[in-house]
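Subject: Structure handover

Hello,

Please find the structure below, followed by notes on what was found in it.

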Amino acid sequence: MNAPSPVTPPVTPAAPITQDLLTIPRKLPETARRNLVGLTREQLREALIEAGTPEKQAKMRVGQVWQWLYHWGVRDFAQMTNLAKDYRALLAEKFEIALPEIVTRQISADGTRKYLLRIAGGHEVETVYIPEENRGTLCISSQVGCTLTCSFCHTGTQKLVRNLTAGEIVGQVMVARDDLGEWPKPGAPKDETRLVSNVVLMGMGEPLYNFDNVRDAMKVVMDGEGISLSRRRITLSTSGIVPEIAKTAEEIGCLLAVSFHATTDAVRDKLVPVNRKWNIETLLNALRDYPRLSNSERITFEYVMLDGVNDSDEDARRLVKLIRGIPAKINLIPFNEWPGVAYRRSSWERIEAFADIVHKAGYASPIRTPRGEDIMAACGQLKSATERGRKSRAEIAAEAGSAA
């Protein structure tokens with residue numbers, strides 16, 4: 001069988017397509033009761049005081065409500081039994097505990113779970129749970145759609161609708177824990193097994209274009225008296241929003257991954273168009289100055305392997321030269337195809353040859369095992385099912401071409 005011929009990426013228009021760093025406007029339904037999910041401790045304290053909690057009691061009440069919400073996973077104020085009945089009634093009158101709604105749940109042959117979740121306004125996002133032998137990784141979304149239009153990414157063919165709230169980001173973690181039955185049971189022996197042991201902000205959207213909500217959500221997820229995931233169990237993936245990179249270390253403190261995917265500006269401009277705003281040199285300089293940069297907290301460079309586009313031996317040698325001096329590992333990602341896309345996955349032999357060059361240069365170069373491809377849950381394949389369903393295969397192909 002003849003090998004498929006290399007595919008050249010489509011020509012990219014020169015018009016700027018990146019979102020400003022300001023949060024985009026969003027209209028959420030106004031409700032009489034405020035959702036407690038996603039509030040930081042300070043925000044929760046202010047909300048409880050505003051609702052009538054005496055200031056002297058506020059710290060204690062925050063601790064009690066926080067534990068019920070995020071340690072026990074309780075959704076009904078009436079079950080918060082260490083609170084007086086009249087105070088529970090006050091909470092029920094002023095607040096709600098609302099999570100995204102599961103529209104569909106698909107389970108892949110390899111055990112990967114993909115959730116289509118409906119959020120406020122009827123919008124939908126996808127969240128993916130990937131079980132592995134020694135850990136379980138939850139891939140969560142930060143925006144409805146995406147503004148970056150990376151030409152190889154299915155999510156990029158869905159236009160940006162709005163940023164997710166902190167509650168909608170935290171809610172994805174809580175929904176997954178619900179589905180997996182991971183909340184502890186009062187009175188049961190303590191179980192240290194974590195089914196959701198890692199979180200990656202690698203779903204729909206660019207997390208650093210929704211910085212404040214992502215930061216607040218991760219404060220909730222990392223809090224030691226609730227969901228309690230270590231900051232080193234959380235990885236934020238960015239396409240290279242340079243002005244926000246240092247803030248990520250200072251205000252969130254999680255691990256950082258960068259969607260790199262090319263070794264020249266000419267190719268990266270086409271694959272990751274935000275490169276036109278902050279090119280490879282600018283991005284790498286920001287990473288060299290990253291406040292948490294160390295051998296124990298290496299930056300992960302994500303590199304999707306595209307046949308004939310970015311997978312040559314020359315690309316591998318350029319890559320290790322570019323990142324010289326940056327404690328890093330290179331995650332090689334076999335391209336996950338989707339309807340209408342103009343790219344093909346590099347051959348396994350080509351991927352291994354690329355990995356070997358990177359490894360011999362002294363960098364870890366794991367090849368990511370594709371997961372959930374049969375349910376379109378693999379890296380770069382996420383897109384809300386209703387949005388996909390509205391378009392024919394031809395429309396998706398045309399849309400992908402224009403996005404490139």
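Which residues of helix α6 (residues 245–252) are buried? The buried ones are I245, T248, A249 and I252. Because they cover an arc of only 110 degrees around the axis, they sit on the same side of α6. Some terms first: buried means under 20% relative accessible area, exposed means over 50%, and partly exposed is in between, with a 1.4 Å probe and protein chains only. Helices (H or I, at least four residues) and strands (E, at least two) are DSSP runs, numbered from the N terminus. The arc is that of the directions from the helix axis to the C-beta atoms.

Please note that this is a predicted model, in which local features need pLDDT of at least 70 and side-chain atom pairs count only at pLDDT 80 or more, while totals for chains, interfaces and linings use all residues. Residues are numbered from 1 along each chain as its sequence is written, and side-chain values use heavy atoms, with hydrogens and water left out.

Surroundings of α6

The buried residues of α6 pack against α5 (211–222), β10 (234–238), β11 (255–259) and α8 (280–288), where contact means heavy atoms within 4.5 Å. Just after α6, G253 has a positive phi of about 85 degrees.

If neighbours within four places in sequence are left aside, M218 is in contact with I140, I169, L201, I234 and I252. Of these contacts of M218, I252 is also one of the buried residues of α6.

Salt bridges

A salt bridge is a side-chain nitrogen of Lys or Arg within 4 Å of a carboxyl oxygen of Asp or Glu. The whole structure has 22 salt bridges.

- R162 and E168 form a salt bridge, with the closest N and O atoms 2.9 Å apart. R162 counts as buried because its relative accessible area is 2%, and E168 is buried at 8% relative accessibility.
- R194 and E182 form a salt bridge, with the closest N and O atoms 3.5 Å apart. Both residues lie in the loop between α4 and β9 (198–201), twelve residues apart. R194 is partly exposed, with a relative accessible area of 29%, whereas E182 is buried at 9% relative accessibility.
- D216 and R215 form a salt bridge, with the closest N and O atoms 3.1 Å apart. Both D216 and R215 are buried. A network of salt bridges links D212, R215, D216 and E251.

Cysteines

How many disulfides does the structure hold? The count is zero, a disulfide being a pair of cysteine sulfur atoms within 2.5 Å. C139 is buried at 10% relative accessibility, and C254 is buried at 1%.

An exposed lysine

K321 lies in helix α9 (residues 313–322). Its relative accessibility is 59%, so K321 counts as exposed. K321 and T263 are 58 residues apart along the chain, and their C-alpha atoms are separated by 9.6 Å.

Regards
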